[in-house]
Amino acid sequence: MKKSLIVLLSLLLLVPCASCAAAAEADSSTLPFDDVSPSDWFYGDVLTAWQSGLINGKSETLFAPDGSLTYAEAVKLAACMNQLAAEGAVTLAADTGSEWYRPYVTYCAERGILLEDYAWNQPAERAVYMEIFSRALPADALWPINEVPDGSIPDLGGVPEKTAAGVYALYRAGVAQGTGSDHACAPWANVKRSEVAAILTRMMDPEKRISFSLSVPAEPEHRIEVIDGVTYVDGILVVNKTYSIPASYAPGDLTWECRTALDALSAGAAANGLSIYAISGYRSYEYQLGLYDRYVARDGKAEADRYSARAGHSEHQTGLAVDVNSLEYAFADTPEGQWLAAHCAEYGFILRYPEGKEEITGYRYEPWHIRYLGVETAKKVAESGLTLEEYLGVTSQYAD
Ligand SMILES: [Zn+2]
């Protein structure tokens, strides 16, 4: 196949294409256009494409390299390439009149190169002309030379599947490579005539095709969003030493979900003859400010930071955290403390600051502090055996 295409290109170069484009000086070795200079990156491509008769100037002396290609012109090129490959010569000719492109449209539609109609006189969009071109040659004329896995072209998200398939085919064949270091396609931009010349040249001459490879970008493991100063990791509100919330974040009480879940937890404990109740729930920014300052005055800043949050860094300000029963470590060994550790996830809570995880959570063990996450998430975190920081892949450290 490779060989026959080169032969075809030779044919193109030697035999002026009677009808596709009247390259009057097809045997010329230099371009007659004032607006294409030998220093332009596309000079060689325009020369080859023009010599082949597939594309001609806008006038005797102007090529208009930055001009756009219309759908009608794209279809004409596709038809000519196809006929050349199939029959070794181009006999198609334009109609006279305003719908000059009709024979090419008919030809392409009959051969499955065109699957729909376009606004023929409008500038062609890059993705669509690539789709059309991808069907202009026999399938085995565009054999893949590049690793371009599905999903690796960065900006084809909203492009119809059949159009994207054509773009991928041209990338894989080394005919198109997109723009920029990430090989973006810019699918809805209009295609320039200089680019078309390059594509035509690479389609017809496999020697000119480009080697490169793309890979699918790794999904970030966790999605971090900051909305109104509040950080959500995978949709979970996170407050710790790394992530603060604004002073203005003030639900005023436990959230309805957290309060309802806490009531259910207390009822569940009561059914087992145990009493679990809140001793501290929502705390405002201002309250935390005073609390932290008192602890610093009493124990010093370093020690206070081990057990008390600075204002804006307290989970209690979210209305999603509760201290229950007793702020004594001995609580962990009571029937209530043991039942809480074993069952709080069933009600949507986790023990937020487990034993031996101070380096990770930023806080000493607190067997009484539970955080509401919802049943589904709380169970996942509990089953993982990880702290919330580890589960979400975040740190908990003050910047200073
Ligand atoms: Zn607490």
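## Helix packing and nonpolar cores

Helix α2 crosses helix α7 in a left-handed sense (the near helix is turned anticlockwise from the far one by less than a right angle). The model is predicted: local features need pLDDT of at least 70, side-chain atom pairs count only at pLDDT 80 or more, and totals for chains, interfaces and linings use all residues. Residue numbers start from 1 along each chain as its sequence is written.

The axes of α2 and α7 lie 8 Å apart at an angle of about 70 degrees, with axes fitted to C-alpha atoms over the stretch in contact and angles running from 0 to 180 degrees between N-to-C directions. The two helices are therefore roughly perpendicular (65 to 115 degrees). Helices are DSSP runs of H or I with at least four residues, numbered from the N terminus.

| Helix | Residues | Contact residues |
|---|---|---|
| α2 | 43-51 | D45, V46, T48, A49 |
| α7 | 193-204 | S194, A197, A198, L200, T201 |

Contact here means C-beta atoms, placed from the backbone, within 7 Å.

The largest nonpolar core has 61 residues, of which V75, A78, I132, V167 and L200 touch the most other members. Such a core joins buried Ala, Val, Leu, Ile, Met, Phe, Trp, Tyr and Cys residues through C-beta atoms within 7 Å; buried means 20 or more other C-beta atoms within 10 Å, exposed 12 or fewer, and partly exposed in between. Helix α3 gives the most to this core, 10 residues. Another core, of 28 residues, lies apart from it and includes Y282 and C344.

G300, in the loop between α9 and α10, counts as exposed because it has 10 C-beta neighbours inside 10 Å.

Key: Parallel < 35°, antiparallel > 145°, perpendicular 65-115°, else oblique. Contact = placed C-beta atoms within 7 Å.
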